[in-house]
Amino acid sequence: MESTRRVVAILGAGGTLGTALSQRLAAEPDTDLVLSDLSEDALRQARDGLAGSAGEVATVPADISDFAAVENVIKHAVDRFGRLDVLISNAGILSPNGRIHNLATEDWERAYRINVLGPVNGIRAAVPVMRAQRSGSIILTASVAGMTAWSHSSPYCVTKAGVIHLAKVAAVEYARDGIRVNCVCPGTFLSAMHDGLPAVAVDAIAAKHPLGLGTAGDLVGAYSYLASDASRWTTGSAIVVDGGYAAP
Ligand SMILES: NC(=O)c1ccc[n+]([C@@H]2O[C@H](COP(=O)([O-])OP(=O)(O)OC[C@H]3O[C@@H](n4cnc5c(N)ncnc54)[C@H](O)[C@@H]3O)[C@@H](O)[C@H]2O)c1
């Protein structure tokens with residue numbers, strides 16, 4: 001008899017949003033999780049936060065920019081749980097602060113490898129499993145930075161714009177295989193990404209969000225929707241959850 005349980009893998013499951021996503025999805029019925037992150041410490045913390053959750057939780061460290069490592073995460077999901085229903089590609093990094101002429105090739109390459117090649121690796125690894133099942137939902141974390149121009153952040157803006165378009169192209173390529181691909185574009189919620197930012201800068205960012213700064217908890221509902229059958233006719237979309245940041 002086919003399992004009625006849902007298997008969700010999260011790449012970049014540590015950190016502020018990854019932890020909130022893990023907690024939300026672990027609290028949903030009949031769900032088993034495979035959590036992955038570059039940081040074994042962050043992964044341990046995310047897992048410790050799930051003590052007592054009803055479903056099973058597996059952890060597999062991986063660098064999202066390394067295809068073989070990501071493939072190993074998906075293999076772990078299939079070996080342990082027999083399927084993969086949802087993949088969330090959430091790992092991402094900010095680029096150094098600087099105008100284009102002051103940024104180095106390495107700044108672009110690092111942003112590209114983690115923010116673009118990372119989700120590409122997730123899609124490449126998940127698609128063979130989901131095609132065989134003829135079902136699956138892939139959710140990429142983009143950003144409002146991929147829709148609006150931020151001065152001094154070109155690699156971050158350009159790579160997040162790439163994530164939005166990657167979701168659209170993948171949606172078109174895999175719809176006939178029963179696989180949906182969408183992304184979420186968060187506005188700003190405070191996380192390790194903002195460590196060291198002066199209070200005046202945080203206030204300036206907050207002032208650009210009509211509803212004020214968000215929290216990771218404000219974002220998890222969008223992922224929960226995209227991970228569920230309620231979104232069965234939604235693919236190729238960029239769901240903006242940003243306190244009104246991108247509205248003007
Ligand atoms: N914080 C915000 O305001 C904001 C806004 C829009 C989008 N985002 C996006 O949300 C996602 C999560 O960000 P966050 O704010 O929770 O940041 P965070 O720094 O708290 O978490 C990022 C996680 O990604 C992991 N990671 C980094 N490089 C990795 C790699 N090479 N392989 C695997 N894992 C790696 C880190 O270890 C960390 O656990 C990112 O994609 C980010 O771009 C954040």
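Visitor: Hi! Leaving aside neighbours within four places in sequence, which residues is Ile 123 in contact with?

Guide: Hello! Keep in mind that this is a predicted model. Ile 123 is in contact with Leu 87, Ile 138, Leu 140, Leu 166, Ala 170 and Tyr 174, once neighbours within four places in sequence are set aside.

Visitor: And what about the largest nonpolar core, which of its residues touch the most other members?

Guide: That core has 38 residues, and the ones touching the most other members are Val 34, Leu 84, Leu 87, Ile 123, Ile 138 and Leu 140. You'll spot Leu 87, Ile 138 and Leu 140 among the contacts of Ile 123 too.

Visitor: Which elements give two or more residues to this core?

Guide: Those are β1 (6–11), α3 (67–81), α4 (105–133), β5 (136–141), α5 (154–174) and β6 (179–186).

Visitor: How many residues are in the other core that lies apart from it?

Guide: That other core has 26 residues, and Ile 10, Leu 21, Leu 35 and Ala 216 are among them.

Visitor: Okay, new topic: Ser 36. Where is it found?

Guide: Ser 36 is in strand β2, which covers residues 31–36.

Visitor: Is Ser 36 buried or exposed, and why?

Guide: Ser 36 counts as buried because its relative accessible area is 2%, and the cut-off for buried is under 20%.

Visitor: So what does the side chain of Ser 36 reach?

Guide: The side chain of Ser 36 reaches the backbone oxygen of Val 60, at 2.7 Å. If you leave out residues up to four places away in sequence, Ser 36 touches Ile 10, Leu 11, Gly 12, Ala 13, Leu 43, Val 60, Pro 61, Ala 62 and Val 73.

Visitor: Let's follow up on Val 73. Where is that one?

Guide: Val 73 sits in helix α3. It is buried, with a relative accessible area of 0%.

Visitor: What is Val 73 in contact with, apart from neighbours within four places in sequence?

Guide: Val 73 is in contact with Leu 11, Val 34, Ser 36, Val 60 and Ala 62.

Visitor: Switching to helix α7, how many of its residues are buried?

Guide: Helix α7 spans residues 220–227 and is mostly covered, with 6 of its 8 residues buried. Those are Val 220, Ala 222, Tyr 223, Ser 224, Leu 226 and Ala 227.

Visitor: What covers the buried residues of α7?

Guide: The covering includes β1, α1 (15–26), β4 (86–89), β5, β6 and β7 (238–241).

Visitor: Which loop does Arg 134 lie in?

Guide: Arg 134 lies in the loop between α4 and β5. Its phi is near 60°, which is a positive value in a residue other than glycine.

Visitor: And His 152, what is its phi near?

Guide: Phi of His 152 is near 70°, again a positive value in a residue other than glycine. You'll find His 152 in the loop between β5 and α5. His 152 counts as partly exposed, because its relative accessibility is 33%.

Visitor: Last one: where is Ile 205 found?

Guide: Ile 205 is in helix α6, residues 199–207. At 26% relative accessibility, Ile 205 counts as partly exposed. Setting aside neighbours within four places in sequence, Ile 205 is in contact with Thr 188, Leu 197 and Leu 213.

Key:
Residues numbered from 1 in each chain as written. Predicted model: local features only at pLDDT ≥ 70, side-chain atom pairs only at ≥ 80, totals over all residues. Heavy atoms only, no water. Core = buried A, V, L, I, M, F, W, Y, C linked by side-chain atoms within 4.5 Å. Buried < 20%, exposed > 50% of the residue type's maximum accessible area, 1.4 Å probe, protein only. Helix = DSSP H or I, 4+ residues; strand = E, 2+ residues; numbered from the N terminus. Contact = heavy atoms within 4.5 Å. Polar contact = N/O pair within 3.5 Å; in protein donor to acceptor, adjacent residues only side chain to side chain.
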